[in-house]
Amino acid sequence: MNVEKKFKMALDETRLLMLGSQIFFGFQFNGIFQSAFDTLPEQARWLDAAALILMTVTLGCLIAPSARHRIAAGGQLDYGLSRSTTIFAGGALLPFSLSLAIDIYIVAIRIFGEFIGLLLAALFWVAALIFWYGLEFLCRDQVLENVSMTRG
């Protein structure tokens, strides 16, 4: 696969991630206007604001590769652009996972109480980090080996 196809695929994937992030962003904004939001503890309301900021950071990381491609690179492709797209997409997963963990905490404290809410949020966040970063790190050598075999 040539560089142009790889970059187009990477941009398409970031656009798909952006759509999912925008949906969660909308849900977070919608939650603020619900009547039950006022009954949450003050700490949970501040955490909701932090989750909203983290989702904004996620969206910024996902928008950045397209903007860099059009503005900084003038629509031209290069290796640095492909690499930065991968870095931004991977980096967007951290604030995304933390934002979702905070949202799980807020919902769970309302239903189950603070301890169970904290436990569920922590379990989700650890699972997300393992699946999104840990497995990639463990499989990295195998992927690099396959890439070198196709080039050689």
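Visitor: How far does helix α1 reach from its first C-alpha to its last?

Guide: This is a predicted model, in which local features need pLDDT of at least 70, side-chain atom pairs count only at pLDDT 80 or more, and totals for chains, interfaces and linings use all residues. Residues are numbered from 1 along each chain as its sequence is written, and side-chain values use heavy atoms, with hydrogens and water left out. Helix α1 runs over residues 3–32, which is 30 residues, and 44 Å is expected at 1.5 Å a residue (the expected span is 1.5 Å times one less than the number of residues). The reach in the model is close to that, at 43 Å.

Visitor: What pattern does the protein follow along the sequence?

Guide: Helices (H or I, at least four residues) and strands (E, at least two) are DSSP runs, numbered from the N terminus. The protein has four helices and zero strands. Read along the sequence, the pattern is therefore α-α-α-α.

Visitor: Are α1 and α2 roughly parallel or roughly antiparallel to each other?

Guide: Helix α2 covers residues 42–72, and its axis comes within 9 Å of the axis of α1. Axes are lines fitted to C-alpha atoms, for helices over the stretch in contact, and angles run from 0 to 180 degrees between N-to-C directions. The two axes cross at roughly 155°, and angles under 35 degrees count as roughly parallel, over 145 as roughly antiparallel, 65 to 115 as roughly perpendicular and the rest as oblique. The two helices are therefore roughly antiparallel.

Visitor: Is the crossing of α1 and α2 left-handed or right-handed?

Guide: A crossing is left-handed if the near helix is turned anticlockwise from the far one by less than a right angle, and right-handed if clockwise. The crossing of α1 and α2 is left-handed.

Visitor: Is Ser21 buried or exposed?

Guide: Ser21 is in helix α1, and its relative accessibility is 2%. Buried means under 20% relative accessible area, exposed over 50%, and partly exposed in between (1.4 Å probe, protein chains only). Ser21 therefore counts as buried.

Visitor: Which residues does Ser21 touch, not counting residues up to four places away in sequence?

Guide: Contact means heavy atoms within 4.5 Å. Apart from residues up to four places away, Ser21 touches Met55, Thr58, Leu59, Leu62 and Phe96.

Visitor: How far apart in space are Leu59 and Leu17, C-alpha to C-alpha?

Guide: Leu59 lies in helix α2 and is buried, because its relative accessibility is 11%. Beyond its neighbours within four places, Leu59 is in contact with Met18, Ser21, Gln22 and Phe25. Leu59 and Leu17 are 42 residues apart in sequence, and their C-alpha distance is 8.8 Å.

Visitor: What is the relative accessible area of Phe25?

Guide: Phe25 is found in helix α1. Leaving out residues up to four places away, Phe25 touches Leu52, Met55, Thr56 and Leu59. Phe25 counts as partly exposed because its relative accessible area is 21%.

Visitor: Which residues is Ser99 in contact with, leaving aside its neighbours within four places in sequence?

Guide: Ser99 has its place in helix α3, residues 79–111. Ser99 counts as buried, because its relative accessibility is 0%. With neighbours within four places set aside, its contacts are Gln28, Ala51, Leu54 and Met55.
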